[in-house]
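Open the model in your viewer and keep the sequence panel beside it. The stops below say what to select next and what is there.

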Amino acid sequence: MERLRAIERNFIFHLRTHCRALSLAVVVLPFVVLASIVAFSRLSTTPPYVGPDALVFEYSGWLIVNGRVPYLDLWDIKPPGIHYVAGGLAAVFGFSQGLFHTSSVIVTMSVSLSVIILVWQLVAQSTNDYIAAAIAGTATLAFKTTYVLPSVGLRPKFYVLLFGLLSVHFLVVKKHTRAVVFSRMCVLATRDRIFDNITRSCC
């Protein structure tokens with residue numbers, strides 16, 4: 001009898017693991033396909049299409065690597081976070097403008113994908129229902145911004161969503177210090193205090 005129960009528990013565990021993996025794949029694969037198609041179409045033009053805001057951030061990253069200071073040598077209304085992300089990319093790929101821009105597109109796609117996975121994770125964690133999590137994750141693709149905008153380069157709004165959802169995640173698991181840290185990082189990304197206010201009200 002005990003052996004049968006162990007087999008049953010093992011079967012349920014593996015079934016849930018496969019359901020979790022399948023649910024996550026349903027969310028991740030459509031994004032990867034759509035975002036890659038859009039990014040390839042824009043990167044393959046001559047010259048590659050770069051969004052106006054992304055162009056400013058890439059230029060500021062190049063200035064930072066060359067010893068300049070944001071808000072002194074280049075003015076922008078955005079907080080410094082995105083400028084130093086661009087600076088980090090410029091330090092690695094700045095020797096080639098094409099590689100620099102391509103890396104910024106890949107990084108932004110990765111951040112957008114992380115946002116979608118966090119939506120999936122929060123729903124799965126709250127409901128213990130992987131079907132609901134898959135629906136919630138794929139529903140984000142109804143907004144073309146999630147897979148179209150990363151193709152133009154660096155955009156700070158994706159970092160707000162990423163840090164904001166991380167702060168919500170840590171609130172759910174009752175790790176308030178981490179929740180506060182990520183809500184403050186939202187402010188560094190775009191001065192957006194919505195997640196900071198949520199964290200303050202819950203902690």
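**Stop 1: a serine in a helix**

Select Ser60, found in helix α2 (residues 52-65). Helices here are DSSP runs of H or I with at least four residues, numbered from the N terminus. This is a predicted model, in which local features need pLDDT of at least 70 and side-chain atom pairs count only at pLDDT 80 or more, while totals for chains, interfaces and linings use all residues. Residues are numbered from 1 along each chain as its sequence is written, and side-chain values use heavy atoms, with hydrogens and water left out.

Is Ser60 buried or exposed? Ser60 is buried, because its relative accessible area is 1%. Buried means under 20% relative accessible area, exposed over 50%, and partly exposed in between (1.4 Å probe, protein chains only).

Now show the side chain of Ser60. One of its polar atoms lies 2.7 Å from the backbone oxygen of Phe57. Next, select Leu74, His83 and Ala86. Leaving aside neighbours within four places in sequence, these are the residues in contact with Ser60; contact means heavy atoms within 4.5 Å.

**Stop 2: helix α3**

Select residues 81-93, helix α3. Its 13 residues reach 18 Å from first C-alpha to last, close to the 18 Å expected at 1.5 Å a residue. That expected span is 1.5 Å times one less than the number of residues.

Colour the buried residues of α3: Ile82, His83, Ala86, Gly87, Leu89 and Ala90. They cover an arc of only 170° around the axis, so they sit on the same side of α3. The arc is that of the directions from the helix axis to the C-beta atoms. What covers these buried residues? The cover includes α2, α4 (97-127) and α7 (157-172).

**Stop 3: aromatic rings**

Show the aromatic side chains. A search of the whole structure finds six aromatic pairs. Rings of Phe, Tyr and Trp (its six-membered ring) pair if their centres lie within 6.5 Å; planes under 30 degrees apart count as stacked, over 60 as edge-to-face and the rest as tilted.

Zoom to Trp120 and Tyr130. Their ring centres are 6.2 Å apart and their planes at 15°, so the pair is stacked. Trp120 belongs to helix α4 and Tyr130 to helix α5 (residues 130-139), 10 residues apart. Trp120 is buried at 1% relative accessibility, and Tyr130 is buried at 16%.

Then select Tyr159, Phe163, Phe170 and Phe182, which ring pairs link into a cluster.

Note on methods
Helices (H or I, at least four residues) and strands (E, at least two) are DSSP runs, numbered from the N terminus. A polar contact is a pair of N or O atoms within 3.5 Å; within protein, one must be able to donate a hydrogen and the other to accept it, and residues adjacent in sequence count only if both atoms are side-chain atoms.
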